[in-house]
Amino acid sequence: MSPAKRIALWLAAALYVAAGALHFIKTELYLRIMPPYLPWHLWLVWISGVFEILGGLGLLYWRTRRAAAWGLVALLIAVFPANIYMATNPIDAGAASIAPALRWGRLPLQVLLAAWLIWCTQTSRTRGLPGSVQRVGGV
């Protein structure tokens, strides 16, 4: 693994562990951005926090790294409705004081975060689609 990927991996791991911990430290912030049509808001906040922490830790161990990255990508997709709700309902989501460009900017940021995870966990042996078989030496 290149030094750049190693640094990116450690930064991603720290980001997701810290973000997951915030689900328990600042629970109210996460509850406010939950779309009203979703059930069990508190449980969803806690579960997503647990999976962020587990995913961040999973990035650090080579055997779980790829699965953790793809799990975090799935989590980014799963929390996307909360980001949309925050962008479209800033008053109800407690985000009225956040500039619209920042609220809306979170949406494409999710794609960049997913790309970061895939890039920093990709090796020459894992290029291509998840689960794809790569032939070595043209065989």
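A search of the whole structure, which is a predicted model, finds 2 aromatic pairs. In one of them, the rings of W43 and W46 have centres 5.4 Å apart and planes at 80 degrees; since planes over 60 degrees apart count as edge-to-face, this pair is edge-to-face.

**Aromatic pairs**

- A pair of aromatic rings is described by the distance of the centres and the angle of the planes.
- W43 and W46 both belong to helix α3, which covers residues 41-58, and they are 3 residues apart there, about one turn of the helix.
- W43 has a relative accessibility of 54% and therefore counts as exposed, the cut-off for that class being over 50%.
- W46, at 29% relative accessibility, counts as partly exposed.
- The other pair is formed by Y61 and W62, and it is tilted, with 6.3 Å from centre to centre and 50 degrees between the planes.
- Y61 counts as partly exposed at 43% relative accessibility, while W62 is exposed, with a relative accessible area of 59%.

**Overall fold**

- The chain holds 6 helices and 0 strands, and reading along the sequence gives the pattern α-α-α-α-α-α.
- The chain has 139 residues, and buried residues make up 33% of them.

**Nonpolar cores**

- The largest nonpolar core has 16 residues, and those that touch the most other members are A12, Y16, L59, L72, L76 and L117.
- Helices α1 (3-25), α4 (65-78) and α6 (100-121) each supply at least two residues of this core, and the largest share, 6 residues, comes from α4.
- A second, separate core consists of 6 residues, including I33, A82, M86 and A95.
- When its neighbours within four places in sequence are left aside, L59 is in contact with L9, A12, A13, R65, A68, A69, L72, L117 and T121.

**The largest pocket**

- The largest pocket contains about 960 Å³ of space.
- Its lining is made up of 36 residues, and of these H23, Y30, I33, N83 and R106 lie nearest the centre of the pocket.
- At least two residues of the lining come from each of α1, α2 (27-32), α3, α4, α5 (80-88) and α6, and the largest share, 6 residues, is supplied by α3.
- Sorted by class, the lining of the largest pocket has 27 nonpolar, 5 polar and 4 charged residues.

**Glycine G55**

- G55 is found in helix α3, and with a relative accessibility of 8%, which is under the 20% cut-off, this residue counts as buried.
- Leaving aside neighbours within four places in sequence, G55 is in contact with A68 and L72; L72 is also one of the residues that touch the most other members of the largest nonpolar core.
- From C-alpha to C-alpha, G55 and R66 are 9.9 Å apart in space, and in sequence the two are 11 residues apart.

**Tryptophan W40**

- W40 has its place in the loop between α2 and α3, and it is exposed, with a relative accessible area of 64%.
- The phi angle of W40 is near 50 degrees, which is a positive value in a residue other than glycine.

**Phenylalanine F80**

- F80 has its place in helix α5 and is partly exposed, with a relative accessible area of 28%.
- Beyond its neighbours within four places in sequence, F80 is in contact with L107 and Q110.
- F80 and L107 are 27 residues apart in sequence, and their C-alpha atoms are 7.4 Å apart in space.

Technical notes. Residues numbered from 1 in each chain as written. Predicted model: local features only at pLDDT ≥ 70, side-chain atom pairs only at ≥ 80, totals over all residues. Heavy atoms only, no water. Core = buried A, V, L, I, M, F, W, Y, C linked by side-chain atoms within 4.5 Å. Buried < 20%, exposed > 50% of the residue type's maximum accessible area, 1.4 Å probe, protein only. Helix = DSSP H or I, 4+ residues; strand = E, 2+ residues; numbered from the N terminus. Contact = heavy atoms within 4.5 Å. Phe/Tyr/Trp six-rings, centres within 6.5 Å; stacked < 30°, edge-to-face > 60°. 1 Å grid on protein atoms, 1.4 Å probe; cavity = no way out; pocket = protein on both sides within 12 Å on 5 of 7 lines; lining within 4 Å. Points joined across faces, edges and corners; volume = space filled by probe spheres on them. Nonpolar A, V, L, I, M, F, W, Y, C, P; charged D, E, K, R; others polar.
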